[in-house]
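Q: I would like to learn how to read a structure, one feature at a time. Where do we begin?

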Amino acid sequence: MLKRALLAASIAVLLVGCTACFPSTTSEPSATNAEVEAGIFDLVNAERTEQGLAALTRNTSLDTIAREYATNKFTQATSYSTNIVYMLSNTWELSFEGATVSLTADTAADQVEFCISEPTLYNALLSTEATETGVGVVSVGSTVYFVQLFDVIRGRGADDQPIILVENPEATDPTWGQLEIFLNNDATDEIEYDLDTFICGDFAETLHNNAEAAGIRAAYVPVRLNVEPGHALNAFNVDGTTVFIDAIGGDKVAYMEIGKDFGVIRLDAAQAFTYTYFETYVQDFDAFQISFDDCNAQIVAYNRGDDPPAPYATLQEWSTALTTWAAQLDADKIRLGLDGAYFSPTESLDTVDPNVVSYYIHW
């Protein structure tokens, strides 16, 4: 007896039910895993077409993610280590209960029929947002694991409604100058962050849709951190370089590298987009903070009437040095984008030094 278990069409994979079916007869021609994947892809598209929806394009990158998740038997660790955690997916398994796995020419049709019969799976394969898909069919022991992955972000806004990304097929990649002009004119960053009404996913959704409407190609980027909750922001392809933008609390260039701190620099202060540049910026920022505190301490001492410290011989020398020092700090403040409200490059998420575990650039 074959036993099939439906897992879920969501990020969190949970066993929610099972269905039994009869084993295939030995007279049926066998099929490879790849042939079953292709059959599922074709039959799902046939069902979508019958329901008046556009056919999906098969994406080999999504195939790879789906197969890895299937190979590892839908483990949470694999979910977190692959981009499947960010996207809509159908996952189910078929057990041959200790017998040898035997896929046939009818297997694809049987599995798609099963998906159509299960409301959760059926709703996913009929997603109106999906344009690309990946299919993975992997045999592990006496069980076959099936995954169909859709290029639909699983994120939700503050109102618990799905993130809806509106694409403009005529949108193009901007130059840095064009992106700056758009961001400076766009009002997304002026919206107040509020856990009940407008959170990071809403910011990223709004900026994405506004950019696409303006003819600028944009990506939605969900981010998993080492602390909860996660984050979401946007990406743009600028002269062949991926530039991350975080619109919360004012437009900022974001910097991410797996295993390192998430960071941001205000738009008008960012001079480069590599993580190495960000690390140098943080060193300059920290040095500025130390120098700023030292200068203020000496100004307080000077106004208090203290004797001049070394190397100053007179109060006049000390006064002149403090004036020069303060002027340099003012210049550094502008250069670092610090002339305004308090800002720290590694505390932008109300969390000290959040660490980036993974992220997915959804174009």
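Q: Which residues does alanine 254 touch, not counting residues up to four places away in sequence?

A: Contact means heavy atoms within 4.5 Å. Alanine 254 touches Leu233, Phe244, Ile245, Asp246, Phe262, Gly263 and Val264. This is a predicted model, in which local features need pLDDT of at least 70 and side-chain atom pairs count only at pLDDT 80 or more, while totals for chains, interfaces and linings use all residues. Residues are numbered from 1 along each chain as its sequence is written, and side-chain values use heavy atoms, with hydrogens and water left out.

Q: Where is alanine 254 found, and is it buried or exposed?

A: Helices (H or I, at least four residues) and strands (E, at least two) are DSSP runs, numbered from the N terminus. Alanine 254 is found in strand β10, residues 252-255. Buried means under 20% relative accessible area, exposed over 50%, and partly exposed in between, with a 1.4 Å probe and protein chains only. Alanine 254 has a relative accessible area of 3%, so it is buried.

Q: How is a ring pair read, as with tyrosine 255 and phenylalanine 278?

A: Rings of Phe, Tyr and Trp (its six-membered ring) pair if their centres lie within 6.5 Å; planes under 30 degrees apart count as stacked, over 60 as edge-to-face and the rest as tilted. A search of the whole structure finds 13 aromatic pairs. In one of them, tyrosine 69 and phenylalanine 74 have ring centres 5.2 Å apart and planes at 45°, so the pair is tilted. The rings of tyrosine 255 and phenylalanine 278 have their centres 5.2 Å apart and their planes at 20°, so this pair is stacked. Because tyrosine 255 lies in strand β10 and phenylalanine 278 in helix α8 (residues 275-304), the pair ties together parts that are 23 residues apart in sequence. Ring pairs also link Tyr255, Tyr275, Tyr277 and Phe278 into a cluster.

Q: What sits over the ring of tryptophan 363?

A: A charge sits over a ring if NZ of Lys or CZ of Arg is within 6 Å of the ring centre and within 35 degrees of the ring normal. The charged end of arginine 217 sits over the ring of tryptophan 363, 4.2 Å from its centre. Likewise, the charged end of arginine 224 sits over the ring of tyrosine 80, 3.7 Å from its centre.

Q: How does the span of α7 agree with its number of residues?

A: The expected span of a helix is 1.5 Å times one less than its number of residues. The 14 residues of α7 should span 20 Å, and its end C-alpha atoms are 20 Å apart, which agrees. Eleven of the 14 residues of α7 are buried, including Cys200, Phe203 and Leu207. Among what covers the buried residues are α6 and β7 (219-225).

Q: Which backbone oxygen lies 2.9 Å from a polar atom of the side chain of asparagine 90?

A: A polar contact is a pair of N or O atoms within 3.5 Å; within protein, one must be able to donate a hydrogen and the other to accept it, and residues adjacent in sequence count only if both atoms are side-chain atoms. Here the oxygen belongs to leucine 121. Asparagine 90 is in strand β4, residues 87-95, and counts as buried at 0% relative accessibility.
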